[in-house]
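Visitor: Hello! I am new to reading protein models, and I would like to learn how to do it step by step.

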Amino acid sequence: METLPPPATRFLQMQPWFQRLPEPWRERLPKSVTTVQAHKGDVLLRAGEPVGGWYAVLYGLVKLQTESPEGRRQAFLGIPAGEWFGEGSVLKDEPRRYDVVALRDTELLCLPRTEFEQLRASSIDFCNALIEHLNMRLGQALAIIETARLRSPAQRVAMYLGPHLWRGSRRMSLTQEELGILAGLSRQTVNTVLKEFERKHYISAEFGRVEIVDEAGLQSVLSQA
């Protein structure tokens, strides 16, 4: 079995839990982990399929998407480069409940289920990292529930620019189209909201990038009745 390409190997080696593994594990994992690539719009992982492992986004951006019995699709979370996802799926012995769709050209890394389970059973550092990650996901889930109750487009955009969904990052590489998909709004509506946020000096927007200038100002949008 071939070792991962250098970028994927570096990503794995940069994980704090990986650095604390015994030497046999550090030699084994790069040979066990696999990668998958997709173009914008492709479904990388399909709902209903067996879960192969725990995934991370090496580059690109994906959305986690569900589909109702009536065929209505709803994106509920975006996963940027450098972040793991699907821990809940790999912890349960059931098919995947959502599609993973590439919002731009993307490459995923997969830590296979077998290695995931062995690490969970043998490595305290891996378990601690997993607990911290699950705690972050819980915060995101609560933010998403709150977002579903917000009716104002400005509030929805403010939530999807917030720290719960983007791990506190103040600078995000998101196009208006991508932000609209995640927030469930049209590109035109997102454009209008972002211009208003810029006018109020809450954000600074350039092509494909949004920088948070006034986080308190964005939070004030969410607190409006």
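Visitor: Which helix does Glu115 lie in?
Guide: Glu115 lies in helix H5, residues 113-122. Helices (H or I, at least four residues) and strands (E, at least two) are DSSP runs, numbered from the N terminus. A word on the source: residues are numbered from 1 along each chain as its sequence is written, and side-chain values use heavy atoms, with hydrogens and water left out. This is a predicted model, where local features need pLDDT of at least 70 and side-chain atom pairs count only at pLDDT 80 or more, while totals for chains, interfaces and linings use all residues.

Visitor: Is Glu115 buried or exposed?
Guide: The general idea is a scale of relative accessible area: buried is under 20%, exposed is over 50%, and partly exposed is in between (1.4 Å probe, protein chains only). Glu115 has 9% relative accessibility, so it counts as buried.

Visitor: Which residues is Glu115 in contact with?
Guide: Contact means heavy atoms within 4.5 Å. Leaving aside neighbours within four places in sequence, Glu115 is in contact with Trp25, Arg28, Leu29 and Ser32.

Visitor: Now the strands, please. In what order do the four strands of the open sheet come?
Guide: Two strands pair if DSSP finds at least two bridges between them. Here the order is S1-S8-S3-S6, with antiparallel pairing. Strand S1 (34-38) and strand S6 (84-85) stand at the edges with a single partner strand each, so one side of each has no neighbour in the sheet.

Visitor: Which helix packs on that sheet?
Guide: Helix H1 (residues 6-13) does, touching S1, strand S3 (53-59), S6 and S8. The direction of H1 makes about 115° with that of S3. For such angles, axes are lines fitted to C-alpha atoms, for helices over the stretch in contact, and angles run from 0 to 180 degrees between N-to-C directions.

Visitor: How many bridges join S1 and S8?
Guide: Five bridges, in the antiparallel sense, join S1 to strand S8 (residues 106-112). As an example, Thr34 stands opposite Cys110 in S8. Val36 also lies in strand S1. With 30% relative accessibility, Val36 counts as partly exposed. Not counting residues up to four places away in sequence, Val36 touches Leu44, Thr106, Glu107 and Leu108. Val36 and Thr106 are 70 residues apart along the chain, yet their C-alpha atoms are separated by 8.4 Å.

Visitor: Which residues of strand S7 are buried on one side and on the other?
Guide: In a regular strand the side chains alternate between the two faces of the sheet. In S7 (residues 99-102), Asp99 and Val101 on one side and Val100 and Ala102 on the other are all buried.

Visitor: How do other strands pair with S7?
Guide: Strand S2 (residues 43-45) runs antiparallel to S7 and is joined to it by two bridges; Leu45 has Val100 as its bridge partner. Strand S4 (residues 61-67) pairs with S7 over four bridges, also in the antiparallel sense. There, Gln65 stands opposite Asp99, and Lys63 has Val101 as its bridge partner.

Visitor: What else can we say about S4?
Guide: Five of the seven residues of S4 are buried, so this strand is mostly covered. S4 also pairs with S5 over seven antiparallel bridges, with Thr66 opposite Gln74. The hairpin of S4 and S5 has five residues between the strands, and Gly71 in it takes a positive phi near 95°.

Visitor: Last topic: how much space lies in the largest pocket?
Guide: Rolling a probe the size of a water molecule over the atoms shows where empty space is left. On a 1 Å grid over the protein atoms alone, a pocket is an open set of points where a 1.4 Å probe fits, with protein on both sides within 12 Å along at least five of seven lines; lining residues have an atom within 4 Å of a point. Grid points are joined across faces, edges and corners, and a volume is the space filled by probe spheres set on the points. The largest pocket holds about 380 Å³. It is lined by 20 residues, and the closest to its centre are Leu64, Phe76, Glu87, Tyr98 and Arg137.

Visitor: Which element gives the most to that lining?
Guide: H6 does, with five residues.
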